[in-house]
Amino acid sequence: MYGREIFAEAVKEAFDRCPNLDPKRDIEALIVGHMGESYEHQGHTGPTLTDWAGLLPKPATRVESACASSGAALRCGIFAVLSGLHDMVMVGGVEKMTHRATSDVTEFLAMASDFPFEQWHGMTFPGLYALIATAHMYKYGTTEEQMAMVAVKNHRHGALNPKAHMQREVTLEQAMLSRVIAWPLKLFDCSLITDGASCLVLAKPEMARKFTDTPVHIIGSGQASDAIGLYEREEFTTLKAAKLAAQEAYRMAKIESRNVDVAEVHDCFTIAEIVAYEDLGFCKPGEGGSLLEKGVTTIEGELPVNTSGGLKSKGHPVGATGTAQAYEIYLQLTDQAERRQVKGAEIGLTHNVGGSGATATVHIYRRE
Amino acid sequence: MPENPPPTIEQFYKFIGEKKLMAVKCRRCNSLILPPKNVCPKCFSTDLEWIKLKERGKLVTYTVIHVPPIQFQSIAPYAVGIIELEDGPHLLGMIREVKPDKIKVGMDLVVDFDTNLPSQWPLWPRYFFKPS
């Protein structure tokens with residue numbers, strides 16, 4: 001299947017979930033996240049996806065922010081509705097990756113890092129997050145075993161998700177013994193190369209009830225940037241852009257981190273989930289590993305994280321990831337997450353990171 | 001060489017080809033800018049000059065790449081790290097002439113140069129790090 005065909009399937013599901021929606025009449029524009037032209041030799045994805053979704057001649061724009069492309073597309077959709085220019089828009093994302101060799105995918109993904117000062121020196125994406133992992137291990141004593149616990153947890157969650165790429169559990173031993181990709185990161189510390197698409201319909205709050213009995217309110221949005229090169233940053237154990245995006249989103253939502261009931265965070269590598277806990281204020285800097293040891297972030301825990309299976313098990317079709325995270329939170333806040341349902345979840349959060357942290361978006365959602 | 005070479009990435013790598021590690025300094029706010037930027041990101045001045053850096057630093061973090069992009073396959077596994085230069089800025093590069101298991105965060109490294117590469121985009125000569 002081509003990426004546009006996968007996207008059309010996601011759009012079809014969204015339409016089926018809103019029986020009162022007349023897509024050709026009601027959806028006024030599309031904003032779609034897509035990272036790489038190289039995978040399918042296809043640029044200009046905005047109108048391509050719109051055509052396959054049956055929504056021509058609606059205006060369509062592609063947003064590229066590496067792995068945060070559809071988190072950024074979601075934010076642009078919020079701009080479109082809040083500005084008053086549109087009453088209803090579709091936001092989403094797509095990436096078709098698995099037909100390419102791993103070495104090609106490695107090279108395409110690396111394009112989201114600094115070419116002259118990182119890629120040129122042999123750096124890869126697992127390598128960049130390995131640099132973060134090494135720094136975290138030295139500064140805080142975080143262990144390879146704690147990182148492996150992220151993989152075990154997210155695969156356990158993903159095994160319950162019929163849309164997950166890899167619906168099976170892994171053991172700590174399997175994760176620890178998997179082959180080294182970029183020390184200290186091993187195969188099971190890395191998210192998956194996945195094909196996927198996702199989309200959401202955004203509407204003015206007063207309109208949403210006309211189309212669905214189960215709307216979810218977006219109550220906070222934050223985004224920030226940092227240097228494209230990881231080496232330029234002041235610190236390597238935290239993503240400053242994610243911290244700033246979270247602060248902005250919490251402020252807008254008028255909540256604090258302790259009010260979050262369920263979160264989808266950007267676990268492109270296991271260390272990234274540990275850093276996300278700290279950047280989002282779920283724990284103090286350096287304590288991310290201990291949250292895993294205590295089981296706080298499992299579905300049964302106090303603060304379930306990545307109930308979908310995360311990028312690690314659900315998969316990471318990079319351009320689709322941001323709105324796929326929002327889709328999982330939508331399911332959770334409308335009691336449709338079936339075997340993964342977090343009982344009584346009122347407030348959800350998504351954390352979507354581009355590259356090694358040069359882009360971060362955070363969104364906060366509330367049950368109707 | 002012109003009197004005042006432009007404060008560009010291309011010029012940075014031309015200096016690397018001459019075995020010189022150079023950074024841009026802002027004459028207005030004294031910021032030391034590496035990677036070089038042609039407008040000072042702190043005060044927006046374009047009154048910039050090149051200065052030579054000490055080719056020494058300490059390793060801040062590192063990794064050993066086992067699965068490389070195609071063009072690096074013949075040398076994998078190889079170590080890459082970020083050093084904090086004695087003059088302050090950070091730089092990312094390969095760590096050579098040391099076994100990966102002997103690499104330690106905090107170790108002293110010096111900058112050396114591999115000038116066997118043609119000096120034309122995108123094939124720059126490379127700097128790399130090695131034990132002092």
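Domain bounds here come from an automatic or database domain assignment. With that settled, here are my notes on this predicted model, point by point.

1. **Domains of chain B.** Chain B is split into domain 1, covering 9-52, and domain 2, covering 56-131. Taken over C-alpha atoms, the centres of these two domains of chain B are separated by 21 Å. Where they touch, domain 1 of chain B supplies ten residues and domain 2 of chain B supplies twelve. On the domain 1 side, helix α1 (residues 9-17) of chain B has the largest share, with five residues. That side of domain 1 of chain B has six nonpolar, one polar and three charged residues.

2. **Domains of chain A.** In chain A, both domains are built from two stretches: domain 1 is 3-99 + 198-208, and domain 2 is 108-191 + 214-367. Their C-alpha centres lie 23 Å apart. The contact between them draws 29 residues from domain 1 of chain A and 26 residues from domain 2 of chain A. On the domain 1 side, the elements giving two or more residues are α4 (69-82), β3 (88-95), β6 (196-203) and α9 (205-211) of chain A. Of these, α4(A) gives the most, with eight residues. By class, the side of domain 1 of chain A that touches domain 2 of chain A comprises 16 nonpolar, eleven polar and two charged residues.

3. **Helix α4 of chain A.** Among the buried residues of α4(A) are S69(A), S70(A), G71(A), R75(A), C76(A) and V81(A). Just after α4(A), G84(A) takes a positive phi of about 90°.

4. **What does α4(A) cross?** The axes of α4(A) and helix α14 (residues 321-333) of chain A come within 5 Å and cross at roughly 70°. The two helices are therefore roughly perpendicular. From α4(A), the residues involved are S69(A), S70(A), G71(A), A73(A) and L74(A), and they meet T321(A), G322(A), T323(A) and A326(A) of α14(A). The residues of this helix contact divide into three nonpolar, six polar and no charged.

5. **Helix α7 of chain A.** Here too the length checks out: the 15 residues of helix α7 (residues 144-158) of chain A should span 21 Å at 1.5 Å a residue, and the end C-alpha atoms are 21 Å apart, which agrees. Twelve of the 15 residues are buried, so α7(A) is largely enclosed by the rest of the structure. The buried set includes K153(A), N154(A), H155(A) and H157(A), along with M147(A), M149(A) and V152(A). The cover over the buried residues of α7(A) includes α6 (125-140), α8 (172-177), α11 (270-279), α12 (288-293) and α13 (310-313) of chain A.

6. **How α7(A) packs on α11(A).** The axes of α7(A) and α11(A) are 8 Å apart, and the helices pack at an angle of about 95°. This makes α7(A) roughly perpendicular to α11(A). On the α7(A) side, the contact is made by Q146(A), M147(A), A148(A), V150(A) and A151(A), and on the α11(A) side by T270(A), I271(A), E273(A) and I274(A). The class counts for this contact are six nonpolar, two polar and one charged.

7. **Between the chains.** The contact takes 27 residues from chain A and 25 residues from chain B. On the side of chain A, the elements that give two or more residues are α5 (102-110), α6 and β4 (180-183) of chain A. The largest share, seven residues, comes from α6(A). The side of chain A that touches chain B has 16 nonpolar, eight polar and three charged residues.

8. **D226 of chain A.** Is D226(A) buried or exposed? D226(A) has 22 C-beta neighbours inside 10 Å, so it counts as buried. Its place is in the loop between β7 (216-225) and α10 (240-253) of chain A. Leaving aside residues up to four places away in sequence, D226(A) touches R233(A), K240(A), A241(A), G357(A) and A358(A). The C-alpha atoms of D226(A) and C268(A) are separated by 18 Å, with the two residues 42 residues apart along the chain.

Key: Residues numbered from 1 in each chain as written. Chains lettered and ligands numbered in written order. Predicted model: local features only at pLDDT ≥ 70, side-chain atom pairs only at ≥ 80, totals over all residues. Contact = placed C-beta atoms within 7 Å. Helix = DSSP H or I, 4+ residues; strand = E, 2+ residues; numbered from the N terminus. Nonpolar A, V, L, I, M, F, W, Y, C, P; charged D, E, K, R; others polar. Axes fitted to C-alpha atoms, helices over the stretch in contact; angles between N-to-C directions. Parallel < 35°, antiparallel > 145°, perpendicular 65-115°, else oblique. Expected span 1.5 Å × (residues − 1). Buried ≥ 20, exposed ≤ 12 C-beta atoms within 10 Å, placed from the backbone.
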